[in-house]
Amino acid sequence: MASIWHALPGHALECHAWNDEFVFYNGLSGMTHILGPLAAQMIFLLQESSLDSLSLVNSLTLNSESPVEADDLQQVEEILSELHSLALIERS
Amino acid sequence: MNLSELTSSDFLSRIKGDGIVLQTGAFITRLQTSIPAVIDGIRLLYSDYALVEDKSYADFHVSLQYPSNARRWFKPQALFLFDGFAPFAPMPLDHAFPVFEWGLNWCVSSHAHRYLIIHAAVMEKDGRAVVMPAPPGSGKSTLCAALVSRGWRLLSDELTLISTSDGRIFPMPRPISLKNQSIEIMQNFAPEATFSRKVADTIKGTVAHMKAPAESVLRSSEAVRCAWIVFPKYEAGSAPRLESVPQSRAFMRVADNAFNYSMLGVHGFRALAGVIDSSLCYDFTYSNLEDAIDIFSTLKPRDAAL
């Protein structure tokens with residue numbers, strides 16, 4: 001069964017964006033991370049609601065004409081794994 | 001009243017007695033010592049600093065003493081005390097003045113947590129500050145000394161103090177610490193400046209201090225905002241090269257050079273983000289100080305550069 005993910009709430013996670021890079025401060029771990037736009041967007045979506053990887057891909061491609069591809073799913077799952085290892089997201 | 005206005009006997013009686021209380025930028029420091037090398041260094045390099053006559057308060061109560069053991073006579077040593085506590089092991093007596101300078105830096109970086117404290121030189125011109133974070137060996141202090149000798153105001157050669165409440169940088173102009181070849185380079189580059197005597201074989205090699213310009217000391221209550229963050233790197237024989245650094249990357253590099261970023265938590269993050277927002281960020285490679293000064297004179301603030 002696919003994992004459902006949620007991000008740390010806004011009060012625990014501060015973000016500042018410069019151009020297409022996002023610097024996140026995790027108030028629970030005290031760590032600071034630079035993320036690209038896709039990973040940042042995933043965190044913002046996971047702050048709004050808990051999602052599994054397929055729902056996340058669907059949300060990310062909501063305005064896209066192209067259908068979800070296996071590569072997209074794999075990429076999102078890899079980023080989810082990295083975000084989890086950084087303690088920026090958790091399993092619901 | 002400045003220290004230079006004290007008579008010699010009054011100065012000696014204060015510094016050897018209850019201590020001399022000086023306004024060292026954003027901090028009040030009380031120093032007590034009878035070690036001649038420290039007394040001479042203070043008289044030479046702190047003559048322009050304001051004396052604080054109200055002796056009831058000081059941020060840092062510091063003394064340099066002879067350790068109470070037989071080494072007072074055999075290979076004598078100096079011991080730095082902060083509030084009566086010795087944070088470091090005794091050092092050779094000849095190193096006493098550099099030990100005072102390093103100790104005072106330690107006092108600030110370990111206690112002044114109303115500031116985000118970056119290991120960086122900071123200078124100002126026309127109301128805008130340039131912050132130069134860099135590891136040892138990058139030529140940070142030499143470049144800082146050169147810029148200061150050519151009209152930039154010294155805020156600090158070592159500790160950049162960013163207010164966590166409003167993001168302004170508060171000055172702490174103190175003698176500029178020079179090491180090894182940099183001492184002679186600066187003595188030739190700025191022959192009009194005042195230098196302490198060289199002290200050899202310290203933990204940092206041979207060191208000497210260059211006196212902070214009187215105007216920088218006089219303006220030590222004037223905080224300023226950051227306009228540029230420059231990561232300097234001395235590279236022998238290289239042409240001067242100024243290369244833009246993405247702000248997000250600059251953020252991480254400055255945070256890596258902070259003493260208390262982690263301790264301040266989200267307040268440190270917000271303070272640094274504010275500084276990065278207002279700043280243009282560069283890597284700067286150089287080998288010639290005159291070239292470097294020319295490049296710095298061409299820096300444009302963010303609102304003019306965009």
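Biologist: How many salt bridges does the rule find across the interface of chain B and chain A?

Modeller: The rule finds two salt bridges there. Please bear in mind that this is a predicted model.

Biologist: Why is the pair Glu21(A) and Arg249(B) called a salt bridge?

Modeller: The closest N and O atoms of Glu21(A) and Arg249(B) are 2.3 Å apart. A salt bridge requires a side-chain nitrogen of Lys or Arg within 4 Å of a carboxyl oxygen of Asp or Glu, and therefore the pair qualifies.

Biologist: Which other polar links cross the interface, and what does each chain bring to the contact?

Modeller: Six residue pairs are in polar contact across the interface of chain B and chain A. On the side of chain B that touches chain A, α7 (247–256) and α9 (266–277) each supply at least two residues, and α9(B) gives the most, with six residues. The contact takes 14 residues from chain B and eleven residues from chain A.

Biologist: What makes up the area buried between the two chains?

Modeller: About 1,200 Å² is buried between chain B and chain A, and carbon and sulfur atoms give 62% of that area. In chain B, Ser248(B), Met252(B) and Phe269(B) lose the most area to chain A, together 41% of what that side buries.

Biologist: How do you know that strand β1 of chain B is mostly covered?

Modeller: Four of the five residues of β1(B), residues 20–24, are buried. The word "buried" applies under 20% relative accessible area.

Biologist: Why are β1(B) and β2(B) said to pair?

Modeller: Two strands pair if there are at least two bridges between them; five bridges join β1(B) to β2(B), residues 27–33, and therefore the strands pair. The two strands run antiparallel, and Ile20(B) has Leu31(B) as its bridge partner in β2(B). They form a hairpin with two residues between them, and Gly25(B) in the turn has a positive phi of about 65°.

Biologist: What makes the phi of Asn19(A) worth a remark?

Modeller: Most residues other than glycine have a negative phi. Asn19(A) is not a glycine, yet its phi is positive, about 55°. Asn19(A) lies in the loop between β2 (13–18) and β3 (21–26) of chain A.

Biologist: Why is Asn19(A) called exposed, and Asn180(B) partly exposed?

Modeller: Asn19(A) has 71% relative accessibility, which is over 50%, so Asn19(A) counts as exposed. Asn180(B) has a relative accessible area of 36%, which falls between 20% and 50%, so Asn180(B) is partly exposed. Asn180(B) is located in the loop between β11 (176–179) and α5 (181–189) of chain B, and its phi is positive, near 50°.

Definitions and conventions. Residues numbered from 1 in each chain as written. Chains lettered and ligands numbered in written order. Predicted model: local features only at pLDDT ≥ 70, side-chain atom pairs only at ≥ 80, totals over all residues. Heavy atoms only, no water. Contact = heavy atoms within 4.5 Å. Buried area = accessible area lost by both parts, 1.4 Å probe. Polar contact = N/O pair within 3.5 Å; in protein donor to acceptor, adjacent residues only side chain to side chain. Buried < 20%, exposed > 50% of the residue type's maximum accessible area, 1.4 Å probe, protein only.
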